[in-house]
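Student: I have a structure open and would like to learn how to read it. Could we go through it feature by feature?

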Amino acid sequence: MQAEHLSAVDRTSWEAAVRHLYEDAFTFSATGPRAHEDWRADVLAVMARAVPDPRGWAGLDDTANERSQEHPDFPFCRPAFSSDPSRPLTPTDIGERLPEINRASAENLLLALTDDGCTLGNLRRFTESFDELQNMARTILARYGDTFTCYTNVSHIRRVGRLDFTAATSHGWSPMTFYGEDSGLVVVSDAEVGLFWTFADY
């Protein structure tokens, strides 16, 4: 894939935003290069830690100590397939479980992912205002330029492509692991693929 121009966000501000928003979450946040025409293959490479961050920027990986040589893609190596729970995820699985959402939904989702439950109520623990936290989410997304697309396994969608965080009911999700809850966002640009995931083990 052709490399896109670097966005205005720098390493210090991007890493600070990721670290601050997710420091108290059980999370996996990482970015890899676009090496395939099919972005779903690049997502699997990031899940497996098979590729480094193209810019050398630091993400977060609270599941790293659970990895093994047999399962380098833990916790994504054990999706909830009742017929064959050991079957690894495939590009088709990624496509089926991650519908596209718009940019405004992605900004809110990055904030909802700051703890389990995937709700904007998670923001109560922060001292910053909603606008300040939203600017951090925008800083994270700014890394991926102006033409990125976003996908999620979270399913509280009111209209196609839009997540509804005002509904009183709890959210749903398409399982990507055997954790009691896993909610995530995938950001795809021409040059990079970013993953932001939060887990809960009920």
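Student: How many bridges join S3 to strand S4?

Tutor: Strands pair if DSSP finds at least two bridges between them; helices (H or I, at least four residues) and strands (E, at least two) are DSSP runs, numbered from the N terminus. In this predicted model, local features need pLDDT of at least 70, side-chain atom pairs count only at pLDDT 80 or more, and totals for chains, interfaces and linings use all residues. Residues are numbered from 1 along each chain as its sequence is written, and side-chain values use heavy atoms, with hydrogens and water left out. Here, two bridges join S3 to S4 (residues 149-152), and the two strands run antiparallel. Opposite Glu 100 stands Tyr 151 of S4.

Student: In what order do the six strands of the open sheet lie?

Tutor: The order is S2-S1-S8-S7-S4-S3, with antiparallel pairing. Strands S2 (60-61) and S3 (100-101) are at the edges with a single partner strand each, so one side of each has no neighbour in the sheet.

Student: Which strands does helix H1 touch?

Tutor: Contact means heavy atoms within 4.5 Å. Axes are lines fitted to C-alpha atoms, for helices over the stretch in contact, and angles run from 0 to 180 degrees between N-to-C directions. H1 (residues 11-22) packs on the sheet and touches S1 (27-33), S2 and S8 (192-200); the direction of H1 makes about 155° with that of S1. Helix H2 (residues 39-47) also packs on the sheet, touching S1, S4, S7 (181-188) and S8, and its direction makes about 55° with that of S8.

Student: Which residues of H2 are buried?

Tutor: Buried means under 20% relative accessible area, exposed over 50%, and partly exposed in between (1.4 Å probe, protein chains only). In H2, the buried residues are Trp 39, Asp 42, Val 43, Ala 45, Val 46 and Met 47. They pack against S1, helix H3 (91-97), S4, S7 and S8.

Student: How many residues does the largest nonpolar core have?

Tutor: In soluble globular proteins, nonpolar side chains tend to be buried together. A nonpolar core is a set of buried Ala, Val, Leu, Ile, Met, Phe, Trp, Tyr and Cys residues joined through side-chain atoms within 4.5 Å. The largest has 31 residues, and Leu 109, Ile 140, Leu 185 and Phe 196 have the most contacts inside it. H1, helix H4 (103-112), helix H5 (130-142) and S7 each supply at least two residues of this core. Another core, of 20 residues, lies apart from it and includes Ala 30 and Val 188.
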